Amino acid sequence: MMFFWAFLVGGLICMLAQLTLDLFAVTPAHVLVLFVVLGAVFGGVGLYGKLVSFAGAGATVPLPGFGYTMVSGIGEAVKEKGVLGLLTGGLTAAAGGIKAAVLFGLLAALLFKPKA
Amino acid sequence: MANQEASKTARDYQELVKTKRPGKPVLKNLIYAFLVGGAISVVGQGIQCGFMQYGMSAKEATSPTTVVLIGLGALFTGFGWYDQLVTRGGMGGTLPITGFANAMVAPAMEFRSEGLILGVGAKLFTVAGPVLVYGLSAAFVVGLIRFLITGVA
């Protein structure tokens, strides 16, 4: 059942992004930025967390999940360390993804030649 | 007659271009984005369930799942497969975290000829840079507002 919701929610979020891209004169980069910000906002009001709890990867794999991860990381860090958590929580929570993206990205860019 | 033609302004021309341009296949794009984005999410769910077999909670398994997906995205971009997926699936290929990896690797590969520092090093962040800048800033603002309202964030 988890797989069904992951497919449905992940697909719908991507469909919404495609609609944004087709309706407005923007680039995919604009849409990515918009959706990561939306993920942070909906994470902040507690809605995105609900989506994650029933759709799993359907909500965490699309990019809004990245914004949500950073906001919930800030929440946890503030509980532990106080106000400083506002600065450290976001990157701490996203650290694995960012570091992996830089490392694998560098490796792939060095190993492969672009296809014509 | 020639005078009339000459009096056409740039705006008239833009209007003409708009009427002649073929319409975007919006519905088809939406369906493909749904299918591709959904499929990638299901793969992510599968990987996450795999990690949960080893005793991780769903929340703990999210981060390693992201790492694996980013690795796959970078690899598929290297082989030139991911760009084909994006051509068909649009945002269904770009919005998942695998597409984030693609958006880092593709320009870095392409600008390899401009050197390791200003080519690869800089171009890795062509898209990732804006996403991180605005994502981190938005997360900070949202966290701050929540902190000011609730006192705990």
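**Starting at the core**

Let's begin with Ala17(A): setting aside neighbours within four places in sequence, it is in contact with Val31(A), Phe35(A), Ala33(B), Met91(B) and Leu95(B). By contact I mean that the C-beta atoms of two residues, placed from the backbone, lie within 7 Å.

Before I go on, some housekeeping. This is a predicted model, where local features need pLDDT of at least 70 and side-chain atom pairs count only at pLDDT 80 or more, while totals for chains, interfaces and linings use all residues. Residues are numbered from 1 along each chain as its sequence is written, and chains are lettered from A and ligands numbered from 1 in the order in which they are written.

Back to Ala17(A). Together with Met104(B), Ala17(A) touches the most other members of the largest nonpolar core, which has 78 residues. Helix 3 of chain B gives the most to that core, with 10 residues. A nonpolar core here is a set of buried Ala, Val, Leu, Ile, Met, Phe, Trp, Tyr and Cys residues joined through C-beta atoms within 7 Å. Buried means 20 or more other C-beta atoms within 10 Å of the residue's own; exposed means 12 or fewer, and partly exposed is in between.

Now, the two chains. How many residues does the contact take from each chain? It takes 61 from chain A and 64 from chain B. On the chain A side, helix 1 (2-23), helix 2 (28-44), helix 4 (57-60), helix 5 (64-81) and helix 6 (85-111) each supply at least two residues. That side of chain A splits into 44 nonpolar, 14 polar and 3 charged residues. For the classes, Ala, Val, Leu, Ile, Met, Phe, Trp, Tyr, Cys and Pro are nonpolar, Asp, Glu, Lys and Arg are charged, and the others, Gly among them, are polar.

Chain A has 6 helices and 0 strands. Helices (H or I, at least four residues) and strands (E, at least two) are DSSP runs, numbered from the N terminus. Of the 116 residues in chain A, 55% count as buried, and its C-alpha atoms fill a box of roughly 50 × 35 × 35 Å along the principal axes.

Chain B comes to 9 helices and 0 strands. Its radius of gyration is 22 Å, well over the 15 Å that the globule rule gives for 153 residues, so chain B is more spread out than a compact globule. That radius is taken over C-alpha atoms, and the rule is 2.2 Å times the number of residues to the power 0.38. Of those 153 residues, 43% count as buried.

Which residues of helix 5 (residues 81-89) of chain B are buried? Tyr82(B), Leu85(B) and Gly89(B) are. Looking down the helix axis, the buried residues of helix 5 of chain B fall within an arc of 55°, so they line one face; the arc is that of the directions from the axis to the C-beta atoms. Remember that an α-helix has 3.6 residues a turn, so residues three or four places apart point the same way. What covers those buried residues of helix 5 includes helix 3 (26-53), helix 4 (58-78), helix 6 (91-94) and helix 7 (97-110) of chain B.

Last stop: Leu136(B), in helix 9 (residues 125-150) of chain B. Leu136(B) is buried, with 20 other C-beta atoms within 10 Å. Not counting residues up to four places away in sequence, Leu136(B) touches Met70(A), Gly90(A) and Leu91(A).
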